[in-house]
Amino acid sequence: MPEKKQTGTMTQVVKQSFPAVIDLSSQTVTWLIEAIFLGQLSSLALAGVGIAQQFIILTFSILLTFVVGSSIIIVRHLGAGDKWSANHVLGQAFLISFLLSILIGLFWYFIVPLLMTLIKEEGNQARQYAVTYIRTVALFAPIIITNFICMGILRGVGDTLLTMTINLTVNILNLVLDIFLIFGLWIFPRLETFGAGLAVGIAQTVGLIITITFLRNHKSSLFLAMMEITQPRMATFKKLFKLGIPTTIEQLVWSMGQIILSFFAAQINVTALAAHQVLVRIQSVLSMINWGFSITGMTLVGKSIGAKNYKEALKSGHMVGRVSWINALVIGILLFIFSKHVMSIFTGDVQVIQMGEDIMLLFVILQVPKAINTAYSGNLRGCADLNWLMWLAIGAVIINEIIGGFLLTFTFSMGLGGLWLIQILDESERLGLNIWRFNKGDWKKV
């Protein structure tokens, strides 16, 4: 019988959560800074690369299938003290990621450039920037995809200090290379968007080397065995797909809901759309912070269930929810106090800044239920209650964000405020249902 460790303490949650918060936030911050660099080249370079990156982000959303599926199985095995089975699943996930990465690389290199013809412009400069960037990144697809899945699994099993160290190294290197390769400083040629893609590839190559080194020298919770990489097992493949697909659908549906809300903002006026996009960018950083707590909940709850310590699973999940609530409250207060300064970072348009300030109170209120709900969603992932989260997301997007968002924004003439008010109602409703589901304990039968 494995030793039942006390995981549901404030110290344990903070120790595991904040490295994950820094780790995940660093990637979003890197994309923001890179966008600033590309904007200095031209607005066309910024627009073209921005569209190319959307395809990369979409790919990562789909790959969550293997990250979440693998992590859930592995934390159960670790909780039960079965490290051999945990390492087996890691090896199989590594093999799947490498095989898939070849197909993804071909898709990025040949298919995505064809889709770029949808960009409407008088010339073809933005399209050319986009094609150059995506094709450069595509050459490194096996490295980028494999590292993404390995890092996601390590994060999911609780090695958040390790993943933070690796990701900070990768992202800092990426930005340093951006400076030299985009603008052609020192001995380097000016490569512009080709340089931006090259910087991503080189940094990720270094990252994968570091990741594999840690996985092979017993410095992490898992060990990457060469035997597992070379011997595919269909039973494990099927289990990974079965557990991961609901999460992929959940994330894609949520992304679709956000796109529809942006479309509603565009129907109001250009100023509303600009203010909405600024708040969405801020939210993207905060969402990475929330996701850090979600991963902690998934890890602690999953390990406790693997050890059949259901009382500890409940205790850990509720503690993660409390810590995320406190964190969201502090961030929300700071955002409200410095709302004008925060908006000014993204735009100098006075009207956009003013509209953003008018909405900021709703934006701040949203952060509390959103943060806690993200934490409890992680708890339920640790319980493997993935179908519940998928169907809840589908229902919430259709009823709340599409129908409710339209009614509040246009029928009741609430404008941009209606788009953020409906998100408060949506997150609060889902939070209540997720807490009820977690406390009900049906996941003990899964």
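This note sets out numbered points on salt bridges, helices and selected residues in a predicted model.

1. Basis of the note. The structure is a predicted model, in which local features need pLDDT of at least 70 and side-chain atom pairs count only at pLDDT 80 or more, whereas totals for chains, interfaces and linings use all residues. Residues are numbered from 1 along each chain as its sequence is written, and side-chain values use heavy atoms, with hydrogens and water left out.

2. Salt bridges in general. A salt bridge is taken as a side-chain nitrogen of Lys or Arg within 4 Å of a carboxyl oxygen of Asp or Glu. Under this rule the count is eight.

3. Two pairs between helices. Helices are DSSP runs (H or I, at least four residues), numbered from the N terminus. Aspartate 23 and arginine 155 form a salt bridge through their side chains, at 2.5 Å from N to O. This pair links distant parts of the chain, with aspartate 23 in helix H1 (residues 10–41) and arginine 155 in helix H5 (residues 141–156), 132 residues apart. Aspartate 23 and arginine 155 are buried, where buried means under 20% relative accessible area, exposed over 50%, and partly exposed in between (1.4 Å probe, protein chains only). A salt bridge also joins the side chains of glutamate 250 and arginine 381, at 2.8 Å from N to O. Here too the pair links distant parts of the chain: glutamate 250 belongs to helix H9 (residues 234–268) and arginine 381 to helix H13 (residues 350–382), 131 residues apart. Both glutamate 250 and arginine 381 are buried.

4. A partly exposed pair. The side chains of glutamate 192 and arginine 190 meet in a salt bridge of 3.1 Å, N to O. Glutamate 192 counts as partly exposed because its relative accessibility is 24%. Arginine 190, at 48%, is likewise partly exposed.

5. A network. Salt bridges link Lys370, Asp426, Glu427 and Arg430 in a network.

6. Helix H10. This helix (residues 270–306) has 37 residues and reaches 51 Å from its first C-alpha to its last, close to the 54 Å expected at 1.5 Å a residue; the expected span is 1.5 Å times one less than the number of residues. Why is H10 described as largely enclosed by the rest of the structure? The reason is that 26 of its 37 residues are buried. Asparagine 269 caps the N-terminal end of H10, with a side-chain oxygen 3.1 Å from the backbone nitrogen of threonine 271. Lysine 308, which follows H10, has a positive phi, near 60°.

7. Threonine 59. This residue lies in helix H2 (residues 43–79) and is buried, because its relative accessible area is 9%. A polar atom of the threonine 59 side chain lies 2.8 Å from the backbone oxygen of phenylalanine 55. Leaving aside residues up to four places away in sequence, threonine 59 touches Ile104, Trp108 and Ile145, contact meaning heavy atoms within 4.5 Å.

8. Positive phi in two loops. Most residues other than glycine have a negative phi. Alanine 384, although not a glycine, has a positive phi of about 65°. Alanine 384 sits in the loop between H13 and helix H14 (386–411) and is buried, with a relative accessible area of 15%. Serine 413 has a positive phi near 55° and is found in the loop between H14 and helix H15 (416–440). Is serine 413 buried or exposed? Serine 413 counts as exposed, at 62% relative accessibility.

Technical notes:
A polar contact is a pair of N or O atoms within 3.5 Å; within protein, one must be able to donate a hydrogen and the other to accept it, and residues adjacent in sequence count only if both atoms are side-chain atoms.
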